[in-house]
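Subject: Handover of a structure and the findings from it

Dear colleague,

Please find below the structure that I am passing on to you. The notes that follow set out what was found in it, topic by topic.

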Amino acid sequence: MEEKLHKPHKNPGSTLKSMSWYALVAACIKLLLIPSYHSTDFEVHRNWLALTHSLPLSQWYSDETSPWTLDYPPFFAYFERFLSIFANLIDPTIVHLQKGLNYNATTVIYFQRMTVIVSDLCLFFALYRLTAKMDSRKRNLIWVLVASSPGLFIVDHVHFQYNGFLLGILLLSLSFLEEGREFLGGFCFAVLLCFKHLFAVAAPVYFVYLLSRFCRGGFLRGFGRVLWMGVVVALVFATAFGPFVYYGQIQQVLHRMFPFGRGLCHAYWAPNFWVFYIILDKGVAFLLWKLGFNIQAPAASFTGGLVGGSSPFAILPQITPLTTFVMVLLATSPALIKAWRNPCPGMITKWVAYAYTIGFLFGWHVHEKASLHFSIPLAIVALQSSEDAKHYFLLSIGCLPTLFSHCYLKPKSIL
């Protein structure tokens, strides 16, 4: 009996049926969250539906009708344009550039909520591919860890975003790499970067891993595979950014995607290294001021979340985006060295999760929601050893309280 419990599942149809039940249960919970509070990100994405539907492509990244301008890469803009077709059929006001501003009708709430629920199918498909060859107990546990992730419920189905969809593309890429299908893995990751560029933190790991894998088949064969991989990636980026190059908008697109003026920390601070750096700066500034030194202390807030909303440091050296980039790259180097020396497919998910953890700790303007980038991949490897389980538990539970800020509850009068 025990042997059957640990035996890898060999019936894809049964596995897919089981996965369907998990997806259905998760969808039922998500449906219950439709009337819940939603953040300004809800209006952000509604505005993106409107501008991609109402304006020609050449104006998508220059429109300022709303303060919530388009700042995701082109594939996500194309995705919004696709969704806007159905939004227009359901309620034309949703995609009206002026009349739709801060539109909060029942139709838009249900439509946008449902788009997130349906797009989560990408995550479940990736999970199915990653766990299809595992024994049933491990597979079910991983499905529970991911499908019932409190972080995904809070961020996507309360706060409102599409992280499940994007993480599905990431896990799909990792599933191909674990199978030794490097070209498909690299292709999916390139597509992911054209949906959301913040996933680029793991790009050095992908580059070193794929280069090492390709170079192990001899110089000529390796060179040919590297060249072919480069062509595949170039075609993906050309498809995404090519139209904007044609219309002379590429500089505006890049400016929107990399708004470094937003400051070191996000409006909702991620629990990372820079929090302690800021606290230390303020503490030293306060102490010196008490001792009689003339200290020009900055404002209490280090960012308002918008461009230009950041405050300088009073005592400690100023931190620039280049500083954070170098720190992330240096801290990621142990994984890069291991990926180069021994590019084992079974380790790629761990290395990618490590890279996202480092990006969370030392990156520029890190969102607290970025904890999902490493906690979800870590759930995939959590059952490989007790050490992996411990890392997953500490990091996922440790970062979860920072997401509670998205669970806004309106104060009720005692009377």
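**The cavity**

A search of the whole structure finds one cavity of 30 Å³ or more. A cavity here is a set of points, on a 1 Å grid over the protein atoms alone, where a 1.4 Å probe fits but cannot get out. Grid points are joined across faces, edges and corners, and a volume is the space filled by probe spheres set on the points. Rolling a probe the size of a water molecule over the atoms shows where empty space is left.

Please note that this is a predicted model, in which local features need pLDDT of at least 70 and side-chain atom pairs count only at pLDDT 80 or more, while totals for chains, interfaces and linings use all residues. Residues are numbered from 1 along each chain as its sequence is written, and side-chain values use heavy atoms, with hydrogens and water left out.

The largest cavity holds about 70 Å³ of space. Its lining (residues with an atom within 4 Å of a point) consists of Lys-30, Asp-120, Leu-123, Phe-124, Val-146, Ala-147, Ser-149, Leu-152, Phe-153, Asp-156 and His-157. Helix H6 (121-131), helix H7 (136-147) and helix H8 (150-160) each contribute at least two residues to this lining; the largest share, four residues, comes from H8. Helices (H or I, at least four residues) and strands (E, at least two) are DSSP runs, numbered from the N terminus. By class, the lining has six nonpolar, two polar and three charged residues. In this scheme Ala, Val, Leu, Ile, Met, Phe, Trp, Tyr, Cys and Pro count as nonpolar, Asp, Glu, Lys and Arg as charged, and the others, Gly among them, as polar.

**The chain as a whole**

The protein chain has 18 helices and zero strands. Of its 415 residues, 48% are buried, where buried means under 20% relative accessible area, exposed over 50%, and partly exposed in between (1.4 Å probe, protein chains only). The chain exposes about 20500 Å², and carbon and sulfur atoms supply 69% of that area. Accessible areas come from the Shrake-Rupley method with a 1.4 Å probe; for residues, only the protein chains shown count as cover. Among contacts (heavy atoms within 4.5 Å) between residues at least 6 apart in sequence, 75% join residues at least 24 apart.

How many of the residues of helix H17 (residues 372-381) are buried? The count is 10 of the 10, so H17 is largely enclosed by the rest of the structure. Among these buried residues are Leu-372, His-373, Phe-374 and Pro-377. The buried residues of H17 pack against H6, H7, H8, helix H9 (163-178), helix H16 (348-362) and helix H18 (386-399).

The loop between H16 and H17 contains His-365 and Lys-369. His-365 has a positive phi of about 50° although it is not a glycine, and at 11% relative accessibility it counts as buried. Lys-369 is also buried, with a relative accessible area of 6%. Lys-369 and Val-155 are 214 residues apart in sequence, yet their C-alpha atoms are 7.0 Å apart in space.

Phe-160, found in helix H8, is a residue other than glycine with a positive phi, near 100°. Its relative accessibility is 0%, and Phe-160 therefore counts as buried.

Ser-136 lies in helix H7 and is partly exposed, with a relative accessible area of 23%. The C-alpha atoms of Ser-136 and Thr-15 are separated by 8.6 Å, although the two are 121 residues apart along the chain.

Ala-331 has its place in helix H15 (residues 321-341). Leaving aside its neighbours within four places in sequence, Ala-331 is in contact with Tyr-354, Ile-358 and Phe-362. The C-alpha atoms of Ala-331 and Tyr-354, 23 residues apart along the chain, are separated by 9.7 Å.

**Aromatic pairs**

The structure holds 32 aromatic pairs. The rings of Phe-273 and Tyr-277 have centres 6.4 Å apart and planes at 35°, so this pair is tilted. Rings of Phe, Tyr and Trp (its six-membered ring) pair if their centres lie within 6.5 Å; planes under 30 degrees apart count as stacked, over 60 as edge-to-face and the rest as tilted. Both residues lie in helix H14 (residues 273-290), four residues apart, about one turn of the helix. Phe-273 is partly exposed, with a relative accessible area of 35%, whereas Tyr-277 is buried, at 14%.

With kind regards

Note on methods: 1 Å grid on protein atoms, 1.4 Å probe; cavity = no way out; pocket = protein on both sides within 12 Å on 5 of 7 lines; lining within 4 Å.
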